[in-house]
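Thanks for coming. I will walk through one model this morning, starting with its strands and then turning to its helices.

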Amino acid sequence: MEGVELELERRSKFLNSLIQQKKKAKEQHDLKDEFNVRVRASDMPLVMQNRAFGLSRELLNATPGKADNKRLALSLKKDFDSAYGPAWHCIVGTSFGSYVTHSIGGFIYFQIDKVYVLLFKTAVEPLTNE
């Protein structure tokens, strides 16, 4: 009987984790709709993604008309450098190609309105004076 109780508890925990994942996915979907964002590719935690979306939306709303891609790229890079450590890179535009190497958990490529944003982090090794 003890084995049955353990199995029921295991299944209950599994179902609860599925429910939580579903709730998080719905919240993320609602946030994407609010910011008018379409994620093309990502290897980044949701909290970091939401930070990128929020800052991008804020900056695009501050410059009505044509987007200032250079300003958006600089702002995202500096914000992520200060919040998550150095070596973030950001490319913003409507047409560009790329092929980059990034740190695990530090990559997102998304579209906000008609602007595409590539934000990624690379590993930094300190220089040694030998």
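**Strands, then helices**

In strand E4, Leu 119 is the bridge partner of Cys 90. Before going further, please keep in mind that this is a predicted model.

That bridge brings us to the two strands involved. E2 and E4, the latter covering residues 115–121, pair in the antiparallel sense over six bridges. As background, strands of a sheet pair through backbone hydrogen bonds, and the pairing is either parallel or antiparallel.

Now the sheet as a whole. What is the order of the strands? It reads E1-E3-E4-E2, in an open sheet of four strands with antiparallel pairing. Strand E1, residues 37–43, and strand E2, residues 88–93, are the edge strands, and each of them pairs on one side only. From one strand to the next, the twist averages 10°.

On to the helices. Helix H2 lies across E1, E2, E3 and E4. Relative to E3, which spans 107–112, H2 runs at about 35°. Helix H3, residues 69–84, lies across E2 and E4, and its angle to E2 is about 160°.

Is Gln 49 buried or exposed? Its relative accessible area is 6%, and the cut-off for buried is under 20%, so Gln 49 counts as buried. What lies 2.7 Å from a polar atom of the Gln 49 side chain? That is the backbone oxygen of Met 44.

That is the end of my part.

Key. Residues numbered from 1 in each chain as written. Predicted model: local features only at pLDDT ≥ 70, side-chain atom pairs only at ≥ 80, totals over all residues. Heavy atoms only, no water. Buried < 20%, exposed > 50% of the residue type's maximum accessible area, 1.4 Å probe, protein only. Polar contact = N/O pair within 3.5 Å; in protein donor to acceptor, adjacent residues only side chain to side chain. Pairing = 2+ DSSP bridges. Axes fitted to C-alpha atoms, helices over the stretch in contact; angles between N-to-C directions. Contact = heavy atoms within 4.5 Å.
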